[in-house]
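Subject: Structure handover

Hello,

Here is the structure I promised to pass on. My notes on the ligand site follow it.

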Amino acid sequence: MAEQFRNYIAGEWVAGATASVNRNPSDTADVVGEYAQADAAQAKAAIAAAKRAFPAWATGSIQERANILDKVGAEILARRDELGTLLSREEGKTLPEGIGEAARAGQIFRFFAGEVVRMAGEKLASVRPGVDVEVTREPLGVIGLITPWNFPIAIPAWKIAPALAYGNTVVCKPADLAPGCAWAIAEILSRAGLPPGVFNLAMGRGSVVGEALVDDPDVTAISFTGSVATGRGIAAKAIARMAKVQLEMGGKNPLVVLDDADLPTAVNCAVQGSYYSTGQRCTASSRLIVTAGIHDRFVAAVADKLKTLRVDNALLAGTDIGPVVDESQLDVDCKYLEVGQAEGARLLTGGERLQRATDGYYLSPALFTEASNAMRIAREEIFGPVACVIRAKDYDEALALANDTEFGLSAGIVTTSLKYATHFKRHSQAGMVMVNVPTAGVDYHVPFGGRKGSSYGPREQGRYAAEFFTTVKTAYTAA
Ligand code: NDP
């Protein structure tokens, strides 16, 4: 019988109304565990617990808060191999990617442990003589965190850690497809000395637990990462009841390759950014915009490199690309392979379902050429190991194509020209711009987020996280 994992509410481990089976996408016979599924009543109980815990936590010892977050970060870091293995098993990232992401989650907790004691305000002179003005930041209350499956430990960490650091209480709802890593964080938090109710884990369906969080007037703010459609629905409901909301959603990130690029750098950026983590990253470079003088050499070199990559069980040493996360995402990827060919793009290499020793959702990395930016494969997020090459006549056209998208998360350029690199940083309409590095892969101590259809609300991560997780108070004092 599979191991059972319960929800964590008001400091207690509680069985869900039902349970869901978490399967390994590299080996569908391997059951990671059975994870509790809360119903609306259990979600409500979690919100009530967080509400009760809020006043004491918000005004309690900041040293205690810092110590707890530091302890959690240290444990995650010490257990990075084990947690990274769990991540790879439930989500399908390769082991080095899984371990790297687990380590990052630990670093995020440690960063926010430090931020607890660095929270600063401002003291100003008033325009009225004899009056002082102070501007301080205060916690919001109960925060609902709704997270996706594709970064199952880093995204919960980068929402939970700042939420708690700034004095809020939390109900976290991880993705149904990969709840194991969030459960592991909850288990670590449960032993770290938090008062009951400060952190609650309510696993379950988005349509049940997610909606309960979004609709409940006791949830002051919602931080969501996931798809555009879900994000838009959440925003409409949250704003209707005037809850604070932060959304990180999809991308259709361009990587511009100019004639003067160093070819190995360009190939590395394209292959890393488009295909690693099976292309299941909101920052993946799914549009490769390449100027005419390097186009053919670049395409040939990327195609050659893709043929050397090993697509296999995520837990095997030597695997470069793990499986797609599940059958329905695999169907989406395969549908876009048909769409691209029907639109007139050329499927140069890859896009084949692969059989491996274990039964999983394996797809060879697919490269389209002769694509136009008007095609659906260039406009819609696929979220798989699929990229398309779009030819541009020069830098100006490449920049225009890069910005011609409803998204604006990450954008990259590969060039040896300071002039073009500087111009691109200035004129890209993305929230994150990369020069000679892949569009995916970011630091944990600086803001993360996009523009246009990719993001809504304040940035996540680094010190900028305070903008979402706190509210500002202005106080006047006459001596
Ligand atoms: P979804 O939008 O399907 O799900 C995200 C989360 O929302 C899940 O926990 C889901 O629960 C929950 N949810 C679903 N329906 C509702 C609802 N009606 N009300 C409240 N919550 C709901 O996205 P995926 O999990 O498929 O994640 C992939 C997406 O995430 C991609 O589009 C990707 O671009 C985006 N992403 C964005 C990032 C960014 O920072 N911009 C980073 C990483 C990913 P359940 O699992 O039960 O469906």
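An N or O atom in the side chain of Thr230 lies 2.9 Å from an oxygen atom of the ligand, which counts as a polar contact (a pair of N or O atoms within 3.5 Å). Taken alone, the ligand exposes 900 Å², and the protein buries 86% of that (areas by the Shrake-Rupley method with a 1.4 Å probe). The side chain of Lys173 has an N or O atom 3.1 Å from an oxygen atom of the ligand. For Trp149, a polar side-chain atom is 3.0 Å from an oxygen atom of the ligand.

The model is predicted: local features need pLDDT of at least 70 and side-chain atom pairs pLDDT 80 or more, while totals for chains, interfaces and linings use all residues. Residues are numbered from 1 along each chain as its sequence is written, and side-chain values use heavy atoms, without hydrogens and water.

There are 29 residues around the ligand, and Thr147, Gly206, Ser227, Met249 and Cys282 come nearest (near means a heavy atom within 4 Å). By class, this shell has 13 nonpolar, 10 polar and six charged residues; Asp, Glu, Lys and Arg count as charged, Ala, Val, Leu, Ile, Met, Phe, Trp, Tyr, Cys and Pro as nonpolar, and the others, Gly among them, as polar.

Helix H7 (206-215) gives the largest share of the shell, three residues. Strand S11 (221-225) and helix H8 (228-240) each supply at least two. Helices (H or I, at least four residues) and strands (E, at least two) are DSSP runs, numbered from the N terminus.

Why does the ligand lie between domain 1 and domain 2? Both domain 1 (4-249 + 454-478) and domain 2 (254-435) give residues to the shell, so the ligand lies between them. The domain bounds come from an automatic or database assignment.

Regards

Technical notes: Polar contact = N/O pair within 3.5 Å; in protein donor to acceptor, adjacent residues only side chain to side chain.
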